[in-house]
Amino acid sequence: MRVVRRLAAAAAAGMVMLAGGALEANADETPSVYDTPGAQISDGRLWNTTCEDYSSNVVRCRAEIWATTVEYVDGRYVKKTGWTFNNLSYLPSPRAAWANNNLGRTNDNWTSDGRQWRTECDTAATGRGACRSYAMVDVVKPSGGSYVNQKEWVFNNVVLFSTASIPAVREVPGWIIDQSRLSFTGLGPLQLGTPMKDLETLGYVRDVFNICQFWPSSQSLLNRGIYVQHNLDLAVPQRASEITVAQRGIRTTAGAQVGMSLADIRAIYGDAVTLDTKQGIPEKLFTAVVRQGANELVFISSHELTRPLRDTDVITEIVAREYSTSLGNVC
């Protein structure tokens, strides 16, 4: 799903963010880090979003960002790195549902849980059809080589209203992976070249050694038949080098998916489909490929196949990767 807007990110109460500054979402991003459940990378920053039913007709999403912050703890300033609250987004719902809620109507001064708040609606900052709320909180600010505590208005949440052209969101959106399509560069947040450490932080792989490779995929990816392979040169930082889909359900951007025959793939990609023999581990693999620039989609029917693919062969794996004559062992 897509909600077009720009939201300035802010540090959580009692903290100052050291990495980065004022963060904004690109209004053209799809999916958005603010309204799509799951972890992703946007503008080089790591984000994680969870969504839930706020009421019977309103869905709320909580966006967190991976950052280094400074907190005032027991009389001293302490740096911490981890997931940090960024903002709440209330997805489009009828304005009437907010008639008695201070988050959804203009109110320059109101109190909740002992904290002072203000809400503005339909302004240049919010855009028409939205409200933004700010809380007066204690924040930590750099000062003269150290830090000081001070109170500031900090952006906390946005409420979006449905209109004739923006439908109400009544259900929690699907997980980002389930919303994504396999392209020549990867699958949603699983992009080729992404540091495996970042994918570990996002929860997509685990830094565990096994008999196959490092970095086995998370259980949620394995349940969907999705596998992440990294470059095999252990002397350099590990980065995603192959993204493999081995179950029906996830399509390529052109519409191909596991379970189709090679004839189906040809019907989609036409003359771009060529037969190719890859050097696998340990034997050669007979595959079909579609290239785009330096990248390719590799279509595999069976690792035991001893002849070139035929139109009747059923595809069991699709791999997005940089073009190469060899094919890595997928774990």
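**Notebook: salt bridges in the predicted model**

I looked up K278 and found this residue buried, with a relative accessible area of 0% (buried is under 20%, exposed over 50%, partly exposed in between; 1.4 Å probe, protein chains only). E296 is likewise buried at 0% relative accessibility.

I noted that this is a predicted model, in which local features need pLDDT of at least 70, side-chain atom pairs count only at pLDDT 80 or more, and totals for chains, interfaces and linings use all residues. Residues are numbered from 1 along each chain as its sequence is written, and side-chain values use heavy atoms, without hydrogens and water.

I then checked the pairing of K278 with E296, a salt bridge of 3.0 Å from N to O (a side-chain nitrogen of Lys or Arg within 4 Å of a carboxyl oxygen of Asp or Glu). K278 belongs to strand β15 (residues 273–279) and E296 to strand β17, so the pair ties together parts 18 residues apart in sequence (strands are DSSP runs of E, at least two residues; helices are runs of H or I, at least four; both are numbered from the N terminus). Through shared partners, salt bridges join E242, D276, K278, E296 and R321 into one network.

Next I examined R266 and D311, whose side chains form a salt bridge at 2.8 Å, N to O. R266 sits in helix α4 (residues 262–269) and D311 in the loop between β17 (295–300) and β18 (317–322), so parts 45 residues apart in sequence are tied together. R266 is partly exposed at 28%, as is D311 at 39%.

Finally, I recorded a count of 15 salt bridges.
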